[in-house]
Amino acid sequence: MTSPWTSLDSAPGQRVFFRPLGITESSFYWDSVFNSTADIVVHVHLRATQINDPDIHSQPNVMRSWASVKRRFPLIAAEVQEYESGLRFILREEAVTNLRPDDVTFREVNSLHHAECFINDIMDGPRLLSSQLLARTYILRRTDKNDHFHIVIMAAHCVSDGPSMSTVLRSFLDTLSSRIEPPYVPLGERLHMYQPLESRLSYGNIPIVKRRWRRALGHAIFTVWMSKFKGGHTLPGKFRQSTFGTPAKTRSYVSIFSSRVSSVILSNCRRHNITMNNACYALSQVALARVLSRQYLRGQISEEEWEYRKRQPMHFSGALNLRPYQDMDWYQTGGSGDVGFNISFFWYTLPFMPLGEMSKGDSNKLELVDGAPDFPALMSFDRFLLRCANVKAQAQEVFNHPRFVDICTAGHDRVASTREVALKWLEMRDCIPPGDDHGGIRPVQSLNPIVTQIGSTLGNMETVVSVDYPLPSDQELSPLCSTPHPHRAGYPVWSPPADAVEDAKVPRLHVEYWRFLVRAHPAELYLAASFANRQLQYFTSHDQHVFSEETVQEWMRELKDATVWYLGQSHGDKLPLQSRL
């Protein structure tokens, strides 16, 4: 496969390369212009494990490590320039090999709470990235605990996604805790890995005409599928005429299960041959039903709105990894984890929310628990399993379709719409007073169609981001490991010295926790589930301009309680354990 990058200057050390952005990259670039929408923020709380090891987060060591990351993943050092013909990545060799003033910023915080406030300020404030700076990192030193510090990595979505950010983080932490520097892959070879998603799809050697035909067919099928997404509803919120043209105010919450309860939940998933991804949507539905039932019984939802919501389906969207469906040579040589945008999105629909006895309309006969019917009164365990099976069947229909990739990527062309929203906001942002409500609240009936929530399960995060660094040589993603791995990008095959292998046996850094955040789209309600430190955790983010903290936290409590009721206990079955998580 030929490289789409063109060289503008071939002087050693001063080479300049460019290529046009792909359709997907361009869509997300314009998202980011819209006050950082979809920019990724990774927050890591770290602890130095060795006594008297101040060099671990010293300025020289941090600067060395981030410079190393840029050389291994040069796309994050690129900039975007706008031309009449479209957008271009410009990659200057000097920007790859040298640190720019805003690449790394050092701050001090006096507590964990102070660090989290810093994150909230990032999510609320003006954009800290730009078209000339697509990635940067902050080091937050703790004044209350000298052996603790925080790392905050920010990246534009047009050059990154979840899998690639885990790779950048892992490489940064490993370099930070290592005393040696593995060799680099030459810049020209690395650039060959960074091609637009659309040009790297696995079509084999079929002619261009047939490729275009397949994409046209995928677009036609996608259009038919999307035409079925009508109606829907989500949490009660303040939707206004201006909502979708106003950047979101992002807020995030985490809910963690104990190790014991997490083990029971995953065991019951295996027992009933479902995944947490299958289960999350049904659990979210019944949690939402509890919130809405409570509000209706309190008189906070009108009779007209209640009758409308009772009849509506519920639509869900989330991300899926397209890396395995791209060029196999690229995938096997590091593409599985390399930097770049290589995901797509799925869409599922479940029937109207489960209401059980609530659907009959006689509230006087209802038995209420904390102001709403209990879970079994809304949806029996058998009905829960049926809804999980419904999600599973829809997933199989999507993933097993012969035009799966073409259907997914047909929905990526949002360039015109995202550009229009971004440019209009840039033109109007100084004319709108802070806190202006921009019109009255729209009824839920006018939000047609609307997605209930977006998000998906992220799996076991410890397989991609370890808790201790440096990585020992027997860890398959360690740069010291001699066995190639598709997810280990940015490192050539080499023979590490014996002292480096020995040093890596003793950890210098321990990850206390890490969080993956995305600046929300307007009116977005996001939910993800992941497994780390032997604990299942839910992570949610939302647009606070639309959804109140009180309502989102109530929904999260109901979601956690629903998970415990349906999957955290036995329901009298004697089925043997299945092999699938």
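## Basis of the model

The model is predicted, so local features need pLDDT of at least 70 and side-chain atom pairs count only at pLDDT 80 or more, while totals for chains, interfaces and linings use all residues. Residues are numbered from 1 along each chain as its sequence is written, and side-chain values use heavy atoms, with hydrogens and water left out.

## Overall fold

The chain contains 17 helices and 19 strands. These elements are DSSP runs numbered from the N terminus, with helices being H or I of at least four residues and strands being E of at least two. The C-alpha trace spans about 80 × 55 × 50 Å along its principal axes. The radius of gyration is 25 Å, which agrees with the value near 25 Å for a compact globule of 581 residues. That radius is taken over C-alpha atoms, and the globule rule is 2.2 Å times the number of residues to the power 0.38.

Of the 581 residues, 54% are buried. Buried means under 20% relative accessible area, exposed means over 50%, and partly exposed lies in between (1.4 Å probe, protein chains only). Among contacts between residues at least 6 apart in sequence, 82% join residues at least 24 apart; a contact means heavy atoms within 4.5 Å.

## Surface and charge

The chain exposes about 25600 Å², and carbon and sulfur atoms supply 52% of that area. Accessible areas come from the Shrake-Rupley method with a 1.4 Å probe, and for residues only the protein chains shown count as cover.

There are 62 positive and 61 negative charges, and their mean positions are 4 Å apart. Lys and Arg count as positive and Asp and Glu as negative, whereas His and the chain ends are not counted. Each charge is placed at NZ of Lys, CZ of Arg, CG of Asp or CD of Glu.

## Helix H9

Helix H9 covers residues 276-297. Its 22 residues reach 31 Å from the first C-alpha to the last, close to the 32 Å expected at 1.5 Å a residue; the expected span is 1.5 Å times one less than the number of residues. Because 21 of its 22 residues are buried, H9 is largely enclosed by the rest of the structure. Gly299, with a positive phi near 85 degrees, follows the helix.

Ala289 belongs to H9 and is buried, at 0% relative accessibility. Leaving out residues up to four places away in sequence, Ala289 touches Met353, Pro354, Leu355 and Leu378. Ala289 and Ala372 are 83 residues apart in sequence, with their C-alpha atoms 9.0 Å apart in space.

## Backbone exceptions

Most residues other than glycine have a negative phi, and most peptide bonds are trans. Asn52 has a positive phi near 55 degrees. Asn52 sits in the loop between strand S3 (40-48) and helix H2 (59-72) and is exposed, with a relative accessible area of 75%. Asn273 also has a positive phi, about 55 degrees, although it is not a glycine. Asn273 occupies the loop between helix H8 (259-271) and H9 and is partly exposed at 31% relative accessibility.

The peptide bond from Asn448 to Pro449 is cis, with omega near 0 degrees. Pro449 lies between helix H15 (415-428) and strand S14 (453-454), in the loop. Tyr469 and Pro470 are likewise joined by a cis peptide bond, with omega about 5 degrees. Pro470 is in the loop between strand S16 (468-469) and helix H16 (498-503).

## Ser178

Ser178 lies in the loop between helix H5 (162-176) and helix H6 (187-192) and is buried, with a relative accessible area of 12%. Beyond its neighbours within four places in sequence, Ser178 is in contact with Arg64, Pro470 and Arg508. The C-alpha atoms of Ser178 and Lys228 are separated by 53 Å, at 50 residues along the chain.

His542 is part of strand S19 (residues 535-543) and is buried at 0% relative accessibility. Apart from residues up to four places away in sequence, the residues that His542 touches include Lys249, Tyr253, Glu524 and Phe547.

His545 is in the loop between S19 and helix H17 (549-567) and is partly exposed, at 42% relative accessibility. Leaving aside neighbours within four places in sequence, His545 is in contact with Lys238, Thr246, Pro247, Ala248 and Lys249.
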